[in-house]
Every structure is written in C-alpha cells, then in structure tokens.
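Please look over the sequence and the coordinates that follow, and then read the paragraphs below alongside them.

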Amino acid sequence: MRFMMIVKSTKDSEAGVMPSQELFDAMARYNEELARAGVLVAAEGLHPSSSAIRISYPEPGGKAKVVDGPFTEAKELIAGFTLIEVKSRVEAIEWAMRMPDPHGFGEGEVELRQVLEAPELTQDSEALAKELEMRAQVTRKPRS
Amino acid sequence: MKKSAVHRSIDGIWRIESPRIIAGLARMVRDVGLAEDLAQDALIVALERWPETGMPDNPGAWLMTTAKRRAIDHLRRNKLRDRKYEELGWEIDRQHEPDWDEALDDPVGDDLLRLIFTTCHPVLSAEAQVALTLRLLGGLTTEEIASAFLVPEPTVAQRIVRAKRTLAAARVPFEVPPKAELAARLSSVLEVIYLMFNEGYAATSGGSWIRPMLCDEALRLGRMLAEIAPDEPEVHGLVALMEIQSSRFRARVSPSGEPILLMDQNRALWDHLLIRRGLTAIERAERLGRAFGPYLIQASIAACHARARTASETDWVRISALYDALSQVAPSPVVELNRAVALSMAFGPEVGLEVVDALMQEPSFKNYHLLPSVRGDFLMKLGRKQEACSEFNRAASLARNEKERELLLRRASESAAQ
C-alpha cells in the first residue's frame with residue numbers, strides 16, 4: 001500500500017528560504033534510507049505558493065474562479081511530499097516518525113495519508129464483492 | 001503506552017530493521033538460521049520489555065545491540081568463536097576482540113547483499129530460495145508467505161527449516177561471490193526475484209486489481225538491490241521490467257474479471273509514476289554502458305509499449321529488433337513466438353508466419369494453445385480462412401482457460417463464416 005508523507009509549509013518555506021545545510025543533509029540521508037529499503041516511490045519539493053494559482057468553483061455548475069498566490073495560512077499549504085510503498089500502516093507510521101523535522105524551528109509538520117487503491121475507487125458492486133472475497137481468502141492475522 | 005500499541009509499532013520497526021539485523025548477525029555467526037533465531041530473541045525481549053519501559057529513542061539500534069550481545073554470548077558460550085576464527089584464519093587473541101560495533105555497521109549494504117546471495121544460493125531449490133528470501137529479507141512471517149502462495153503454513157515452515165539446514169550442511173559462505181562466480185550468482189538472485197514477481201502476477205488472473213503481495217515484495221527487493229548493487233545493469237533491467245509490468249495492474253483485468261490484452265488496455269489506467277520509474281531504471285542501466293542482458297532487453301520492450309500513448313503508436317520495428325536481440329542472448333521458443341508477433345506487426349503477417357512455421361516442430365509447444373492461436377491470426381490476416389479456422393479450433397482444444405477457449409471458438413466460427 002502507498003502512503004504520502006506531506007510536509008506542510010512554513011513562513012520560511014513560503015518565503016523561499018532554503019533549509020539549512022544540516023537539515024538538507026539529514027533529509028538526503030533519510031531519502032537514501034528509504035531508497036535502500038526499497039520503499040521510496042517519489043519525493044518532491046514544491047515552489048512557494050507565490051507562484052501558484054488556485055482554481056475554485058464557488059457556484060455548483062458555475063464558472064471557475066482563479067486566484068493568484070501567495071496564499072495565507074502557511075500550515076494549510078504543502079511544501080513537499082514523499083510517496084512510499086509499504087506493507088502495512090504501522091510500517092508507514094514508523095517511516096514517517098523517522099523523517100527529520102522538516103523545518104527544524106518549531107513549525108515542522110508532517111501529515112501521513114494513505115493513497116486510495118483501485119478497489120476503493122470502483123463503484124461496481126459485483127467487482128467489489130469479488131475483491132472482498134479474494135481478500136478474505138488471503139486475510140492474514142497480524143504477527144503474534 | 002498501551003501494550004497493543006507498542007506491539008503494533010514493533011511490527012513496523014521489525015519490518016524495517018529485521019533484514020539489516022539478520023544480515024549483520026549472519027556475518028558474526030556465519031549462519032543465517034542462527035542469525036534469524038538471535039534476531040527473533042531480541043524481538044521477543046523488546047515485546048516483553050518495551051510495554052513496561054516505553055519505546056527506546058532509537059528502537060532499531062536497540063534491537064541491533066540486544067541481538068548483537070546475544071550473538072557474542074553465543075559465540076563465547078559455544079567456543080564457536082575460536083573455531084570460526086581458525087576457519088577465517090584469524091589469530092585467537094582474547095585481548096583484541098573484533099569491534100562488533102564497527103563490524104555491524106553496514107553503510108554500503110554489503111551485509112544485505114551477502115544475505116541475498118545466501119538466500120538465493122543455487123544449492124537451494126527455487127521454492128526454498130523464494131521462501132527464505134521473503135522470510136529473511138522481506139521480514140514476512142511464515143503465515144504471510146503461506147497465504148501468498150496459497151499453501152498450508154506448515155509446508156512453508158518446513159521449506160524454510162530445510163533451506164537453513166541445507167545452507168549450513170553445504171557450508172555456504174556468507175559472502176558476496178568472488179568475481180569469477182558473480183555473474184552466474186547474480187543471475188540466480190535476479191531469477192528468484194522475478195520468479196516471486198511472476199508468482200504474484202499469475203495469482204491476479206482471478207480478477208483483482210490490487211497488486212498482490214508477492215509482486216510488491218519482489219519490487220521492493222529489486223529496488224533495494226538496485227541501491228546496494230548499483231553497478232549491475234541487469235539489476236536495473238529487472239527493476240525496470242517489474243516497474244513497467246506493475247504499472248498495468250489496474251488495466252489488465254476487466255471489472256467482471258476477464259483478462260484484458262495489452263493492446264486493448266485503457267492506457268489511462270496505467271500507473272504513470274511506475275512507468276516513469278521504469279524508464280529511469282532503464283536509463284540508469286544504459287548509463288553503465290555495458291551489453292544488454294535479457295532483463296534489460298525485456299524491460300526495453302515493455303518500455304516501447306509504455307511510451308506509446310495509443311496502441312497504434314507502438315514502435316513495432318524497435319520491438320522486433322529487441323526480440324531479435326533477446327533471441328540471441330536468451331533463445332527460447334516463447335521468445336521466438338513473441339518475435340513472430342512483433343515481426344508481423346512491424347512488417348506484415350507473412351514475415352511472422354515464417355517464424356511461426358519454423359516453430360511447428362518444437363516439442364515443448366505440442367500442447368501450447370498460443371502457437372496455433374498466433375498462427376491462426378496470421379493466416380486470417382493473409383486471407384487463408386480455411387487454414388485459420390482449423391488453427392483456431394486446434395488452439396481452442398488446447399486452451400485450459402474457459403474464457404480463452406470461448407474466444408478462440410468464436411474466432412474459429414468467424415473465420416469460417418467469412
């Protein structure tokens with residue numbers, strides 16, 4: 001299963017201030033560890049929201065409204081993400097806990113989200129039933 | 001922290017740390033079975049102690065240190081150490097014990113590499129190699145391995161016990177093979193990983209979109225191997241092949257469970273992130289500037305399909321050339337049959353038919369439904385309907401899968417009607 005570790009923005013990341021060399025190295029080491037364990041799928045950092053646009057649909061069925069960045073509320077913005085492929089939720093949590101504090105001055109925040117898998121996206125009840133049956137066949141108890 | 005919560009965390013930690021711990025211990029005690037036992041002991045200590053004391057700051061290091069102490073105790077107790085030292089040609093010197101702290105550090109992943117070469121050692125059967133690799137490098141329980149292969153748990157447990165015994169009896173050294181053996185031994189490792197992947201791939205024919213555990217495990221091992229053995233083009237080739245094949249999981253089965261052929265798949269459902277990873281892995285291999293091996297060639301073929309935005313954009317000329325190359329380095333009747341299909345797509349059915357006709361005497365294909373099925377397709381395109389009809393009928397009589405048989409019979413009656 002895939003998980004996304006989302007690094008939230010801070011005032012600094014929004015201002016385009018680069019992380020310290022120390023933090024940069026720590027992140028590089030962490031990513032290397034993910035890669036060496038074979039779990040790293042993708043990792044990207046994003047530009048500050050000053051170069052972003054936001055498209056919203058305030059009216060149902062209406063026209064799109066476009067607003068230029070920057071956006072306020074840094075904590076609700078995303079500064080980057082790391083996508084990992086792991087066997088279980090606990091493994092994902094363990095990896096997420098090992099990510100270095102992404103900013104290092106009290107504003108660091110990482111959010112761990114699970115990526116939807118195909119069966120969860122389908123509306124076809126017959127297919128879902130089949131899927132569940134298949135899963136039941138191979139259901140495993142957790143390590144005892 | 002609650003006991004159950006601690007146990008859950010330990011589960012995650014174990015998954016991450018156990019291969020490294022087992023690999024490090026195996027280098028100390030020179031026995032992967034014993035190494036696993038010692039690592040398991042440390043895990044049990046953690047399961048008992050952590051709910052009381054709370055989690056240590058660095059649980060991985062804690063487990064490693066605990067396991068290492070047990071290993072040292074073991075070496076001392078059994079005086080195994082002295083013998084091992086002799087075997088290794090080391091001087092017996094009680095004042096100067098090796099610095100196991102340093103010795104267990106594995107910054108470049110050499111111990112993991114040694115471990116995978118050991119679990120994939122040719123002295124073991126393919127089944128044993130796969131089971132032991134999943135167990136020691138994947139950190140999977142016997143139960144998990146059993147359910148992945150749909151076999152009873154005791155069968156897998158037996159397999160693993162026997163595999164460890166075989167390794168010990170054969171005195172398989174815990175090492176990266178010497179240069180002269182490296183190529184052959186590496187291909188044995190890659191074979192195990194690809195076998196694991198294909199087991200998982202085959203298991204999906206029942207109509208599931210989720211990537212089965214064995215595919216995920218194989219991909220993870222491949223990605224891991226690519227980091228610890230980055231100078232081997234075939235490792236990247238195999239990773240690329242698995243990434244690209246995995247990218248099609250969502251598209252290869254219809255909602256009602258019927259398999260969808262590559263050319264008919266909805267390409268929007270392909271996982272483009274995995275395709276990109278596959279293409280990057282191919283580039284890594286190419287940058288090494290060595291001759292293309294079978295995995296890299298197969299990955300390159302898969303990449304031709306992955307790059308085509310629609311089926312009609314497929315570069316069949318390049319695919320034909322790649323199959324030519326593949327039939328040089330890894331000749332087999334199946335490769336020939338695929339080459340025939342590629343040639344017919346690139347240069348017309350008569351060119352493909354020539355290759356297929358040459359395969360008609362192939363004994364291993366006597367009962368293989370795809371040969372008459374492909375031949376029937378070529379004949380149909382050439383307007384030789386009577387012959388096509390009888391080939392489709394023959395293919396249908398050989399097909400084991402009900403859905404495939406239906407399809408072939410339909411094609412037979414279509415060719416007769418026209």
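Two strands are taken to pair if DSSP finds at least two bridges between them, where strands (E, at least two residues) and helices (H or I, at least four residues) are DSSP runs numbered from the N terminus. The model is predicted, so that local features need pLDDT of at least 70 and side-chain atom pairs count only at pLDDT 80 or more, while totals for chains, interfaces and linings use all residues. Residues are numbered from 1 along each chain as its sequence is written, chains are lettered from A in the order in which they are written, and side-chain values use heavy atoms, with hydrogens and water left out.

In chain A, four strands form an open sheet with antiparallel pairing, in the order β2-β5-β1-β6. Its edges are β2 (40–45) and β6 (110–114) of chain A, each of which pairs on one side only. Within chain A, strand β1 (residues 2–8) and strand β5 (residues 78–85) pair in the antiparallel sense over seven bridges, and A:V7 has A:G80 in β5(A) as its bridge partner.

Turning to the nonpolar cores, each is a set of buried (under 20% relative accessible area, 1.4 Å probe, protein chains only) Ala, Val, Leu, Ile, Met, Phe, Trp, Tyr and Cys residues joined through side-chain atoms within 4.5 Å. The largest core has 92 residues, of which B:L25, B:I116, B:I193 and B:L225 touch the most other members. Helix α1 (residues 3–29) of chain B supplies the largest share of this core, with 11 residues. A second, separate core of 21 residues includes B:L379, B:M380, B:C389 and B:L408.

Note on methods:
Buried means under 20% relative accessible area, exposed over 50%, partly exposed in between (1.4 Å probe, protein chains only).
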